[in-house]
Number of protein chains: 2
Amino acid sequence: MRITGRARLFAIIGDPVGVVRSPEWWNAEFARAGMDAAFLPVEVAAGDLAVAWRGLMRIRNLDGVVLTMPHKQAVVPLLAALGPMARLAGAVNTVRRRADGGWEGEMFDGEGFVAGLRAAGHEPAGMRALQVGCGGAGRAIAFALARAGVASLALSDVAPGRAGALAAAVAAAFPGCAVATGLADPAGHGLVVNATPLGLRPGDAVPVDPGRLSPGQVVADVIPKPERTPLLDAAAAAGCDTVSGRAMFEGQARLAAAFLGLAELGG
Amino acid sequence: MRITGRARLFAIIGDPVGVVRSPEWWNAEFARAGMDAAFLPVEVAAGDLAVAWRGLMRIRNLDGVVLTMPHKQAVVPLLAALGPMARLAGAVNTVRRRADGGWEGEMFDGEGFVAGLRAAGHEPAGMRALQVGCGGAGRAIAFALARAGVASLALSDVAPGRAGALAAAVAAAFPGCAVATGLADPAGHGLVVNATPLGLRPGDAVPVDPGRLSPGQVVADVIPKPERTPLLDAAAAAGCDTVSGRAMFEGQARLAAAFLGLAELGG
């Protein structure tokens with residue numbers, strides 16, 4: 001790894017940012033590609049995003065930014081343009097500088113999640129899916145699952161109204177997908193997705209009742225670290241196939257790299 | 001070298017920033033010390049400093065900033081506190097976060113330059129010195145040379161009035177030093193210092209007439225890259241001892257690291 005005065009910079013902005021694993025993936029890829037570049041963790045509190053963003057955008061050698069919790073929706077009004085998936089999700093996870101100097105955001109959480117499922121051998125098309133958590137990443141995943149052709153999508157969230165609002169938006173965009181809302185009961189679903197932050201911190205509750213899991217179900221988690229969450233441990237114990245946040249992370253990172261003009265990364 | 005989500009960040013802000021060698025020195029030292037930390041080049045135009053600064057200060061894992069041209073004087077009004085050398089020089093090259101959250105600046109260009117002279121075997125005390133260039137770094141070096149006990153200090157600058165203003169300030173702070181202003185004529189001076197940017201870019205003019213150099217003089221340059229400037233080449237050809245910007249850079253980097261609580265670096 002090499003960082004000189006001519007290094008190009010990339011950053012992930014989040015709070016807390018210590019849990020992200022992007023810097024290790026990107027910097028290893030930069031080293032492998034022999035690039036003079038660095039990918040930095042940048043911790044900014046939710047209330048500081050607008051001021052921090054205005055400042056960061058003045059850095060001439062900053063070529064791209066990845067957004068994580070809690071900034072994926074808050075960054076949207078700060079951008080000059082949004083890609084199609086970001087417009088659907090109302091959230092952004094990757095931002096690049098356009099030739100005209102404006103900043104353009106796109107959302108790869110959902111497509112990255114689906115890419116991770118497929119890399120693990122699970123094709124979502126035709127599946128009955130339950131997704132718990134309808135926040136920034138959850139919105140992107142719901143649209144991507146519907147686009148990938150799940151037969152049905154049940155959405156659940158602890159915040160009143162959030163699941164319903166997302167269900168209505170997904171149903172409007174993908175009329176062929178049977179979208180419903182309700183309790184986080186995994187029984188009867190071929191695919192169970194945790195898109196909540198539960199599992200990020202030690203002692204977090206499990207987002208679905210492990211007693212309602214059964215062999216043959218696919219249980220996928222978005223939590224990047226720890227890679228084995230209590231949900232995935234319980235699902236494995238119940239005979240389910242599990243897909244960790246690592247698979248989603250790698251799918252998303254490759255898509256983000258291509259968007260930033262670095263398609264050689266992750267190859 | 002290791003940069004994870006928990007990395008502590010340090011940056012050098014300048015324009016152009018591609019010429020700085022700090023990232024290589026600091027990142028090699030972080031790697032040697034086994035620290036999860038990175039030192040980044042950050043290119044910000046002069047007119048963008050205030051907005052960029054406000055944003056950068058919201059980054060919770062940013063622990064220190066080094067300033068280079070053209071920001072060393074412009075950053076002063078953006079800080080909560082100044083150290084004693086920064087107050088004398090009216091310029092700052094290193095900024096740290098204080099325990100109360102405010103940012104404190106100090107200036108190590110002058111002390112680093114003197115440390116570099118001494119490391120090269122040249123004790124400035126008692127010398128007759130000529131310094132060309134009275135900008136941000138030049139101000140700091142003039143005060144440091146006077147503090148180190150040069151017998152006399154001749155100051156020269158292309159900007160009318162800048163040499164005179166600095167001469168008056170140095171004479172007031174160090175009444176024992178004979179300070180004068182005038183042409184950039186090196187004849188008769190034991191120590192000749194280039195503190196202008198000349199030599200940074202290919203084709204730059206030489207800041208003093210090489211025909212007026214003679215064997216036994218010490219000629220020191222502040223330009224960090226290229227390490228061998230046309231001035232130093234001409235001085236060596238004239239039989240002078242030369243001290244490159246590398247010596248100043250290493251002296252300054254060690255002092256800045258200690259100020260940032262990283263005294264283990266550069267040891």
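In helix 2 of chain A, Val51(A), Ala52(A), Trp53(A), Arg54(A), Gly55(A) and Leu56(A) meet Val51(B), Ala52(B), Trp53(B), Arg54(B), Gly55(B) and Leu56(B) of helix 2 of chain B; being in contact takes C-beta atoms, placed from the backbone, within 7 Å. Helices (H or I, at least four residues) and strands (E, at least two) are DSSP runs, numbered from the N terminus. This is a predicted model, where local features need pLDDT of at least 70 and side-chain atom pairs count only at pLDDT 80 or more, while totals for chains, interfaces and linings use all residues. Residues are numbered from 1 along each chain as its sequence is written, and chains are lettered from A and ligands numbered from 1 in the order in which they are written.

The two helices, residues 49–56 in each chain, pack at about 135° with their axes 7 Å apart; axes are lines fitted to C-alpha atoms, for helices over the stretch in contact, and angles run from 0 to 180 degrees between N-to-C directions. Across the whole interface, 32 residues of chain A are in contact with 32 residues of chain B. Helix 2 of chain A gives the most to its chain's side, with six residues.

Chain A also holds an open sheet of six strands in the order 9-8-7-10-11-12, with parallel pairing (strands pair if DSSP finds at least two bridges between them). Strand 9 (178–181) and strand 12 (241–243) of chain A stand at the edges with a single partner strand each, so one side of each has no neighbour in the sheet. Three bridges join strand 11 (residues 218–221) to strand 12 of chain A, and Ala220(A) stands opposite Val243(A) in strand 12.

Terms used:
Two residues are in contact if their C-beta atoms, placed from the backbone, lie within 7 Å.
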